[in-house]
Amino acid sequence: MAILKLSQLINGQDADIFAVLTVRDKMTASNGKPYWRVTFRDDTKEISFPIWENTSLFPLCEQDWAVGVHYKLRAMYVEDRYGGKLDIRRIRPAVEADMADGYDPNMGVKRSKFDPEEMLRDILEILDKNVTDIGLLKLAHFILDRHREEILVSSAAMGKHHAHVGGLLEHTRNVLWNAVTLAHRYETILPQNPPLNVSVVAVGAALHDIGKLRELRQTATGFEYTPEGNLIGHIVLGRDYIRDAAEELRRTDPDFKLDFEVQLRLEHTILSHQRLPEWGSPKTNMTPESLLIHYADDIDAKYYIMSAILEEVPEDAEFSDKKNSMKTAIFRGIQKTE
């Protein structure tokens, strides 16, 4: 039997599939009978469908299946007016030996479409080109180099935006580019005294979400909050990364120098990048640098969310529904008639 990805299946096709069970909810049908709503996912697609009470799979789902467990399934892919589903013939938990047939233990976690190594190189290149404060540049490289392996696989959020492996890098690269572009623009057209510190803008943007490394952790099906994430949050944790790294560099590197006010401005960009208390921010924007970072961050998150909503709008619909994280209908386009 061919071993295929979920995205490779066509209607009526039998195949062996590796997938992780991400949803297993007991529901009640309109006739009052129970059924299970299940979702299986690999690294390319997810499929949701019901397990009805009068099928042989119902007791297996009720007694044996568990969310977060990876399975090898033999199934036929069937499409009807309700969408795609798997007609499962056999199912068992995946084992290490299955890796020889293409099983990936991380397949249940969505990944960025961009290469993480390339995104990190881009971030470092933007910093090297725009940060003239040597102390700030050294601090940024120190943090990004020390936590490199974590950064390559971290998510930017739990669910709303960039919630996938590599999502932190994807979001950070966009925010950094946005913030630096804005900083140079306003430095030119609206010079001020004291001048806008572009180095603080760049490093603050690059590190604004560094606390996500300790706020979130990967699971078999996505990401979840750590105890630190729930009790402290990424904003204060991010400020801790800045302070701890600066203190260590002062102890170990005699050439490291970072002005007190510059570090203070940098810490403020971390603490205020979400701007409003209701968004979890302990401080609002009190410097030009922090203001630019906040809006560079906000536009990237919201644009990602709107783009993701539009991707789910059917081709024959002009608007999305209002049941989305933006809480409004998003316009796809006027339907053309022949």
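## Exercises: a sheet and a helix

In strand E2, Tyr 35 is the bridge partner of Met 27. The model behind these exercises is predicted.

**Exercise 1.** Find how many bridges join strand E1 to strand E2, and state how the two strands run.

*Solution.* Start with the residue ranges. E1 covers residues 13-28 and E2 covers residues 34-41. Next, count the links: 8 bridges join the two strands. Last, the direction: E1 and E2 run antiparallel. The pair Met 27 and Tyr 35 is one place to look.

**Exercise 2.** Decide where the buried residues of helix H2 sit around its axis, and what they pack against.

*Solution.* Begin with length. H2 (residues 116-130) has 15 residues and spans 21 Å from first C-alpha to last, close to the 21 Å expected at 1.5 Å a residue. List the buried residues, under 20% relative accessible area: Met 119, Leu 120, Ile 123, Leu 124, Ile 126, Leu 127 and Asn 130. They cover an arc of only 160° around the axis, so they lie on the same side of H2. Residues three or four places apart in an α-helix point the same way, because a turn takes 3.6 residues. Check the other side of H2: Arg 121 and Lys 129 are exposed there. Finally, name the partners. The buried residues of H2 pack against helix H3 (134-146), helix H4 (148-153), helix H5 (167-189) and helix H6 (198-207).

Notes:
Residues are numbered from 1 along each chain as its sequence is written. This is a predicted model: local features need pLDDT of at least 70, side-chain atom pairs count only at pLDDT 80 or more; totals for chains, interfaces and linings use all residues. Side-chain values use heavy atoms; hydrogens and water are left out. Two strands pair if DSSP finds at least two bridges between them. Helices (H or I, at least four residues) and strands (E, at least two) are DSSP runs, numbered from the N terminus. The expected span of a helix is 1.5 Å times one less than its number of residues. Buried means under 20% relative accessible area, exposed over 50%, partly exposed in between (1.4 Å probe, protein chains only). The arc is that of the directions from the helix axis to the C-beta atoms. Contact means heavy atoms within 4.5 Å.
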